[in-house]
Amino acid sequence: MPFTRSRTLTSVVALTVVGFSQHSLANPVTCSEKYNQYVQAQVTWQQESAARAVQLLPEHTDRIHLYRDVQLTAIERRKLAVDISLEKFPDRVETWGSINRWIELSPEFEAELAKLSPEFEQLTKKYQQQIAQPASENDATFSQTFRRTVTADADFMQLMDDFNVKSRELNTLACQK
């Protein structure tokens with residue numbers, strides 16, 4: 001009996017690996033397409049998680065929206081950096097690794113990207129302005145309330161799990177620069 005289970009498990013694993021390989025070969029995607037799918041998953045996560053947080057903590061709507069907006073700007077900025085880099089500096093994009101680590105945005109590289117793209121420069125300024133907002137005097141209280149209420153919520157955690165599953169799925173896709 002143990003031999004049969006082992007053989008069955010081996011067959012299932014082999015078929016799964018073959019399925020992933022055939023899926024990747026049958027549906028090749030460009031790295032830009034793959035990254036765009038990741039960006040869409042991030043945007044969806046930010047919008048849906050912020051909406052859920054507002055439902056749970058309506059008295060903190062402004063703060064939740066501010067945090068969401070900072071994240072959306074960061075996502076848009078990084079997407080543009082990846083797009084420019086795939087076109088102009090493809091060897092600076094490490095597409096073999098986890099998709100959230102494809103590119104290293106050092107201050108020097110950011111300056112180089114800003115010279116090439118006024119849009120990147122504008123997004124960088126916008127992002128810097130957003131993160132430079134003065135902290136609220138209730139930051140510690142808000143953080144505790146958020147952790148206690150929002151991160152304990154099953155629906156919020158399901159949204160997070162959905163995003164993590166999508167990220168892992170995208171990380172399994174091979175792409176072509």
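Predicted model: local features only at pLDDT ≥ 70, side-chain atom pairs only at ≥ 80, totals over all residues.
Colleague: What makes C31 and C175 a disulfide?

Modeller: A disulfide is a pair of cysteine sulfur atoms within 2.5 Å. The sulfur atoms of C31 and C175 are 2.1 Å apart, so the pair meets that cut-off. With 85 degrees about the S-S bond, the link is right-handed.

Colleague: Why is C31 called buried?

Modeller: Buried means under 20% relative accessible area. C31 has 1% relative accessibility, so C31 counts as buried. Of the 177 residues in the protein, buried ones make up 33%.

Colleague: Why is α3 called roughly perpendicular to α4?

Modeller: The axes of helix α3 (residues 61-88) and helix α4 (residues 107-116) cross at roughly 80 degrees and come within 11 Å. Angles of 65 to 115 degrees count as roughly perpendicular, so α3 and α4 receive that description.

Colleague: Which residues make the contact?

Modeller: On α3 they are R77, A81, I84, S85 and K88, and on α4 they are F109, E110, L113 and L116. By class, the contact of α3 with α4 has five nonpolar, one polar and three charged residues.

Colleague: How many helices and strands does the protein have?

Modeller: There are seven helices and two strands, and along the sequence they follow the pattern α-β-α-α-α-α-α-α-β.

Notes:
Residues numbered from 1 in each chain as written. Heavy atoms only, no water. Axes fitted to C-alpha atoms, helices over the stretch in contact; angles between N-to-C directions. Helix = DSSP H or I, 4+ residues; strand = E, 2+ residues; numbered from the N terminus. Parallel < 35°, antiparallel > 145°, perpendicular 65-115°, else oblique. Contact = heavy atoms within 4.5 Å. Nonpolar A, V, L, I, M, F, W, Y, C, P; charged D, E, K, R; others polar. Buried < 20%, exposed > 50% of the residue type's maximum accessible area, 1.4 Å probe, protein only.
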